[in-house]
Structure formats: C-alpha cells, structure tokens
Amino acid sequence: MTVGSPRSSLVASFSRTNLRVNLDGVSVSPSSYYWAQNQPYKIEFEEEKSSEGPPPIQQEGKGTEIMSLHLLPYDLLLNIASYLEYVDVHVLQLTCKSLYYSFTTRPVYRKLATDLLRRCRPLPLKGFQRLGDLSTNRLIYSVNKAHQYEHAWLVRAPRPIGSGSTTADVINGTVRIHNNYLDRENLQGSTAMSSPKNWYKVVRAPPGEEVDWLSPITSSYTLCATKSGKVVCWDVQTDACLAEWNPGERWELWKCRVEFEDKMVYFTMAKVLHGSYDDSRVMEFSLMRLQFYENSLGKKTACPTFSPVTSFKTVGVVMNIFLLDPSARLLSAFVWVSSSNTIGLFVLLDWEKDEYVFIDTGIECVMSSNWSCILFQRNIVIHCEDSDAAFQHFYPLALLESHSRRLKTKGATPTLSGRLTPSESIVKRFTFPAPRHHSIRRLTNLNVAGVTPITLLPQPIISSPSPSPAPIAPVSILNPNPYPFPPWYPESAHFVRQWWPTLPSVPRISCTVVLLASHDPVTHKTRFVLAQHYFRVPMRGADWNDEVEDGMSNATYATGVAATAGSSSSTSTPVPTAREDDSITSPDLIIDDDAMRLWYVSTPFEVVCLEDPSLEEEDGDGVQERPRPLVAVDFGHAVWIEYYDKQVQSEGTRRTHSKATRSHDNQKQQHQDEEGSSTDQQHDDFQEPQEFQEHKRLRFVTFPPFTDDGRIRDIREGWGGAEVRTLNIPPELDLHSVETINIDQSQGAVILSVKEGKIFILCYE
C-alpha cells in the first residue's frame, strides 16, 4: 500500500509482510487494534465493516516481528493522516475494520474539517452550534456532508435531496437523508419519499406584508424586513413568528451581521429625515440587536428578543454601513462628499459614547468602482475595486482616535472635521483571461443549451511597476480586460467573508462577485456576465502568516453591497503613499496574485431585475433607483433567475439526444442536427431574448475553490468541471412571482420569497 499526498513529497510504502519493527527496548503507543477494541462510540453514518479480527503477528526471528499496517501505533497512523486528504482517508477506512476505526477518530476528522474551512467551505451545523459543541459522530457526519457538497457541485448540478434514491432504498435504510432546514434525519420505515415536497419546505412570510429583505439566520430561522418597516424573526421548523420589531413607521434594513459566539444578530435600520442627494442630506440610523437562546445541540430554549443598541445621525449621502466589530462596539460608514466628489469616512469608535470621527479621505469617489470596509487588526481598511485593479487604504484606529469629536447633544448631527489621507495604500492588478481564440479552456466537452462554461485563466502575468507614485489603475499588457468600463459597468457587487463558525488556525479570505452589465442604447437590451475573484487583507503575503499566528480568525458575517455605478471614468486616487506589489519574492505573494485571477461566467445572459420604489420615490422628491437583480451569492457560489429562450434550449437538447441515441431515421436525425447547429451558433454569438420574455429559470454556479494552502485549484489538478447549471424547482413555485433570493451553501439550500406570502426553501445534494 502506498500512502501519499499531493501537497507533500512524503510518500510511504507499507505492506502486510515487509514492515519490520525492532521491539527490543522500544516503547510504542497502543496499536490501532487497541483503539478498534476500545472504541467508545460507533459511527452510525457508515456501513459496518467486516467483523474479522486482525491477523496474528508472525514470528520470524528473535527480537523481530512482522507487523501489518493496521497494527502500527496510533500516533504513527495519526501522523500519516495529517498528510492525507479526505479521499485518501476514506480509502484507508475501506481497507479493514481496524484501519476503519483508526481513521474514524475525532483528531482525524478535526484535521479534515480544518482542510474544508481553509478552502472556505462551511460545515452544515444546526442553529448556532460551534465546532466544539459537536459530538464525534456529528463532526464526522458534518465533514462527510460538506465534502459531498463541494465535490458534487464541481462536477454536476445540485439535485433535489433524495432524488437519486427510491422509496425501497429509504425503507431498507440504505439511504439516510438529512437537512437541517427540513429537520429530518432518519426515514427508515417511512414512505415519505414518494411525496414531491420531500426535498423542499414552504413556510409563511409575515401575513399582510410585502417582503423587502430576507435572509436565513442559520438553518433554524429567517429574518425578514417588510416594506412597512417591520423586522420579523420566523421559525423555519414550526412556521411561526418568534419575535417582531415594529417601529410604527417606514424604515429600511441596511446591514445585518451574525455573531455565532454570542448567538446574536446585529442589524441597522435607516430612514431619510430631509435633503436630497447632496451634502445637506440628513439620515437617521437605528442599530438593533436580536438575541437567540439555544443549547449546545442547536435547539431553541426560549424565543429570541429584540433590543435597541444605539441610534445616530449622518450628514451627506451615505453609501453603506459596516458593523466592523460588535464586541468592540465599532461601526463605520462611507459618505459621499458631493462638493469634492470624494469618500468620507464616518466612524463610531464606541457606539455607547457620544463621540464620532468624520473625515474626508481624499479618495476620489469613482461611481463605477465597488467599495467595502474591513477591520484588519487595529486598522480600518477601505477596499475599492475598479475594472482593472483593487485598492486598499489603511486607517489605524490610533490615528482616527486623534480626530474624534463629541456631539453637543444626543440628537445632534456630525460635522466634517477635514481631510485625512490614509497611512498606507496598496494597489493590486487583476489577472485577466487570455483571449478566447487561443487560450480559453473549457471544463467540459458538453456544448448543449442550459450549460454555460466558466473561463479558466492562465498563470498570473506580472508587469513592471509603474513609475508614477500615485496608484494608477494598471492594465495587464498581454491579457486585456475582456469586459472593460465602459461599456461594461457593475450592476451589483457582493463582498463575502467567512460568516460561518471556524477555527483559530484558519486564515481569513474574502470573495467578490460582480454582476457586470452592458446596455445597448439602440436595441435597449441589457446583457450580463458574472465575474468572481478572491482577495486578502492586506493584499500582500508579508502579513498573511502573521494574521494566522495572532489567531485573528473569528467568524465574520459581512456581506455588503457596494456603491452604485455611474458614468465616471476610472482614474487614480490621490493617495501619496500607495505602492504596487508586483515583484514575486515569496510563496505568499504568489498566492496573493493567484487570488487576483478573475473568473467569468463568460456567456452573456439576461438576469431578472425588479424595480423597487424607494422612500424618496414615494415622497416625490428623490431620484429613481436602479432595478434590483435577483442574484444571491455565498462564498464561491452564485444563484440567480434569468430569462431564456425555451425554443432554442429545446432544439439544443434534441440535437444532443439524437446524437447519443443514433436514431435509425437518418432524415430526422439530419434535420435535428441542422437545428442544433443553428442553436450552437446562436449561443456562441448570444441571441438576444425577445422583448417580452416569459420563460425564466433558476441558475447556479460554483467557482473554483481555494485550497487549504491558499491556491486556486483548477482542472489541471483533477477537480473536474465547474459549469453553470439549471436547478430543478418545485412545480408550485412560480419564478415570475419571486421577490427575494438567497443561498446557504452550508446546508445546500436556496431560499426564495414570493408575492403570495410564501417562502420556498429548496434543499439540494
């Protein structure tokens, strides 16, 4: 038997007959056979292995014995497991009963759980459970389930849970279906598999209310904001309202953050007091807290409760609010300073005090850029992305504290203190794919309607640093931006960090998914593509290991939507301390450049967009808001609703089927092939949908994941294809009535709310 790891040069060969161990005067730890005979638990999620005992040790000479692999001391086997991946461990478990027990232990699966978390793949936990709360059986099951999600979704479409099993399989106990949303684990003796609702659940939305915003809070609850201003917490299992906050007037939910350790949810509500889109605009924000009560098993012990935290006012056009660290009572906001067209930074260093910081950063507000705010150690980082590069501007908290001011009264509005440039700025280029005609590789040979290829990128191309001291947005020389601004502009941008419970040894990584749009002024049609990449804070490898060593890996929930797009050109930001990390001097810098590789869903499509009237529109003194696309993202995943041409899809499907079956009717086959050939040309050149398109479908994509060593793994390393897939939906779900869409990759679920006051929770495997 040969045991090896692709991440290491260590390769150890073992045989049941050739491993000799000198036992004279050597003290060893108990063997794996000892652990097999003294196992305190039984894994109920795996099939029973053979009951045959280990073969006896064969005597060959004085002082020597021939020892089989399964009789090695457990600490040696555990050391071997530290170099193996999930598939390798699973293969060893199938070898014999002794090795099965030796490699089905908590230390082994904690290592495998760490590998998943380092690839930014969460475990399917119940409620507010933490990893330390899991029993060994539940830890093993969670790791197995998370690996199944990761592997399956890279090579095929997510399919309804239990769709590959029959009722007889369930009755005989050969299939165990579990999803925390469905709250169903063991279906032995049940014929429920025949029910079409077996893989999804329908719960009610707040009665008599229109849903304005919806998000799952773990697998047990949903948090819903209505257009009347209410915020409602709903129990997924009992389909009942658990708690409600009703301010009695119209507020909008702007930001939500989950704190798993404290079992709390913080969210900010906003309303406009007066003013238009200029520096005279005054807004009021209310910060609320929702406390949950659960035991270590993830079961509710009491109903959650709403409580106010603080309230504050702002001056100017607020672009976004960021709950940086609720435990430290730290909050920030981006404010557009219209008089100078720059970004203003508003900070509450302690929201329990009547102190604030409001500065003009001097960073030009390019409306075609996407903005986010991140807390790194003791720095507030302004993260900005334009069409060609990413920028990070650092403001130490100690520097901001020196510019703090005190409010004259509790309800007073803040004033701008002046301009303060960042203490440091970093510029990092994006790496674009090669032109389609010579370097694009597809992850599959399929070319049928309904399957869209993702572009794979070549290795990063590093250009010479710019002689200009300002952070000019650089452009890759050999691989130009395939979707430059203009005409492609960001319709929506999503910044996602690891929101799930994690471990101290797992470094933090962020993911950006941008929906790019291009509008044709002649035909008035809009085409969309998706672009995705990873990034770290800071965007250089020097501080990467320091962050891990400091243990700064607490779970974070920060899914922000960036600023709106406009018609400004992409120009440099006037920050004098910026520098580019172009030279590759360490593996960490290589990893940074690997993260900046852009991945595209490169075949244009038409996403469904909804027009939501804002508060200003209803009052008659505001500007018209852009339509809201029905797109949801989770780390490395995206799901959306799009229009499609049903006739073109059916023709492409018939062509593929005719080629596979080799029909005896040559004339019919030739006719189908001709139709299919025309279909392929339509897909390659992007056939615009009809003006009044009636057909919609639910689409899903998994982007290439980060590996546990920080590199992106593509097809060259054996992960298989990553394609845009069409998801099955229940027959009673009408995509025309969908108002909101969400995705929870940890549970394999897509959550959609519809106008009829229902919430569909679709569970896939």
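User: Where the side chains of Glu642 and Arg699 are concerned, are both residues buried or exposed?

Analyst: Glu642 and Arg699 are both buried; buried means under 20% relative accessible area, exposed over 50% and partly exposed in between, with a 1.4 Å probe and protein chains only. This is a predicted model, in which local features need pLDDT of at least 70 and side-chain atom pairs count only at pLDDT 80 or more, while totals for chains, interfaces and linings use all residues. Residues are numbered from 1 along each chain as its sequence is written, and side-chain values use heavy atoms, with hydrogens and water left out.

User: What do the side chains of Glu642 and Arg699 form together?

Analyst: They meet in a salt bridge, with 3.2 Å from N to O; a salt bridge requires a side-chain nitrogen of Lys or Arg within 4 Å of a carboxyl oxygen of Asp or Glu. Distant parts of the chain are linked by this pair, since Glu642 sits in strand S34 (residues 637-643) and Arg699 in strand S35 (residues 696-702), 57 residues apart. Strands (E, at least two residues) and helices (H or I, at least four) are DSSP runs, numbered from the N terminus.

User: How many helices and strands does the protein chain have, and what share of its residues is buried?

Analyst: The protein chain has 13 helices and 39 strands. Of its 765 residues, 54% are buried. Contacts are read next (heavy atoms within 4.5 Å): among those with a separation of 6 or more, 67% join residues 24 or more positions apart. The accessible surface is about 32400 Å², and carbon and sulfur atoms hold 50% of that surface; the areas come from the Shrake-Rupley method with a 1.4 Å probe, and for residues only the protein chains shown count as cover.

User: How many salt bridges does the structure hold, and with which residue does Lys227 form one?

Analyst: There are 20 salt bridges in the structure. Lys227 pairs with Glu210, the closest N and O atoms lying 3.7 Å apart. Lys227 belongs to the loop between strand S8 (221-226) and strand S9 (231-235), and Glu210 to the loop between strand S6 (200-204) and strand S7 (211-217), so the pair ties together parts 17 residues apart in sequence. Lys227 is partly exposed at 23% relative accessible area, and Glu210 is partly exposed at 48%.

User: Which partner does Lys230 have?

Analyst: Lys230 forms a salt bridge with Glu244, and 3.9 Å separates the closest N and O atoms. Because Lys230 lies in the loop between S8 and S9 while Glu244 lies in strand S10 (residues 240-245), the pair ties together parts 14 residues apart in sequence. Glu244 is partly exposed, with 41% relative accessibility. Elsewhere, Arg119, Arg121 and Glu150 are linked in a network of salt bridges.

User: How many disulfides does the structure hold?

Analyst: A disulfide is a pair of cysteine sulfur atoms within 2.5 Å, and the structure holds zero disulfides. Cys241 is in no disulfide, the nearest cysteine sulfur being that of Cys233 at 7.6 Å. Cys241 is partly exposed at 38% relative accessible area, whereas Cys373 is buried at 6%.

User: Which residues lie nearest the centre of the largest cavity?

Analyst: On a 1 Å grid over the protein atoms alone, a cavity is a set of points where a 1.4 Å probe fits but cannot get out, and lining residues have an atom within 4 Å of a point. Grid points are joined across faces, edges and corners, and a volume is the space filled by probe spheres set on the points. By this rule there are 13 cavities of 30 Å³ or more, and the largest holds about 240 Å³. Its lining has 21 residues, of which Asn370, Asp386, Ser387, Val514 and Leu516 lie nearest the centre. Strands S25 (489-497), S26 (510-519) and S27 (526-535) each supply at least two lining residues. Asn370, in strand S19 (residues 370-376), is buried at 5% relative accessibility. The C-alpha atoms of Asn370 and Ala493 are 6.5 Å apart, although 123 residues separate the two in sequence.

User: Which residues is Ser518 in contact with, leaving aside its neighbours within four places in sequence?

Analyst: Ser518 contacts Pro487, Trp488, Tyr489, Lys525, Thr526 and Arg527 beyond those neighbours. Ser518 lies in strand S26 and is buried at 8% relative accessibility. Its contact Pro487 is joined to Pro486 by a cis peptide bond, with omega about 10 degrees. Another cis peptide bond joins Phe485 and Pro486, with omega about -20 degrees.

User: What is the phi of His524?

Analyst: Phi of His524 is near 60 degrees, a positive value in a residue other than glycine. His524 lies in the loop between S26 and S27 and is exposed at 58% relative accessibility.

Terms used:
1 Å grid on protein atoms, 1.4 Å probe; cavity = no way out; pocket = protein on both sides within 12 Å on 5 of 7 lines; lining within 4 Å.
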